[in-house]
Amino acid sequence: TVATRSVVRQRIPEKIPRAALPGQSLLESNAVATATMSYYTDKVAAFVKFLLMLRDESLALSDGALPETQTLAYLDHLFLLGLSVSSGEKVVPALAAVHTQFGSILKSRHRLQRALRGWQSLRPAISRLPFNWPTICAWATGMVVAGHRLAALAMILSAVAYLRPGEVLQL
């Protein structure tokens, strides 16, 4: 019943290990996993450090300021550092999660999307090479010695059949 759910939900905040960020509700703070929020917080800290490094008052991040110009400058900075486009793609959701007042502003900005497309065209993603066969066999041998026969078999099978980890787990 509604009354039972209400009583149960009143106890939920006691069980939640992390506190909400300032300005976030209980549900907002739990919409993003704890590990992801920690990662986002680190990304935003790096962004703020970049802004402080610039010491440019026109790029100061405040509640009233539009973060688009600051974010574009930071994306340029990350690109020039040689990072992949995936690191730039995580800046916008990190800012939106940590600074909720910027969420709708950042997600609707075409200049940010255009900057990320430019990054992709200037530096296309490169997929990594697969591990070589002797390395896979050495790992599988180590797993067998450690008593993890099934995991070793899954590793060999995924290498031979080009299976993703999720596909091997479904077998």
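The model is a predicted one, in which local features need pLDDT of at least 70 and side-chain atom pairs count only at pLDDT 80 or more, while totals for chains, interfaces and linings use all residues. Residues are numbered from 1 along each chain as its sequence is written, and side-chain values use heavy atoms, with hydrogens and water left out.

**The chain as a whole**

- The protein chain holds 11 helices and 0 strands, where helices (H or I, at least four residues) and strands (E, at least two) are DSSP runs numbered from the N terminus.
- Of its 171 residues, 24% count as buried, a term that means under 20% relative accessible area with a 1.4 Å probe, protein chains only.
- The chain exposes about 12,200 Å², and carbon and sulfur atoms supply 62% of this area, which comes from the Shrake-Rupley method with a 1.4 Å probe.

**Helices α9 and α10**

- Helix α9 (residues 133–145) packs with helix α10 (residues 149–161) at an angle of about 165 degrees, their axes being 7 Å apart; axes are lines fitted to C-alpha atoms over the stretch in contact, and angles run from 0 to 180 degrees between N-to-C directions.
- That angle makes α9 roughly antiparallel to α10, a label for angles over 145 degrees.
- In the contact (heavy atoms within 4.5 Å), the α9 residues include Trp133, Ile136 and Trp139, and those of α10 include Arg149, Met155 and Val160.
- The residues of this contact divide into 12 nonpolar, no polar and 1 charged, with Ala, Val, Leu, Ile, Met, Phe, Trp, Tyr, Cys and Pro counted as nonpolar, Asp, Glu, Lys and Arg as charged, and the others, Gly among them, as polar.

Conventions. Parallel < 35°, antiparallel > 145°, perpendicular 65-115°, else oblique. Buried < 20%, exposed > 50% of the residue type's maximum accessible area, 1.4 Å probe, protein only.
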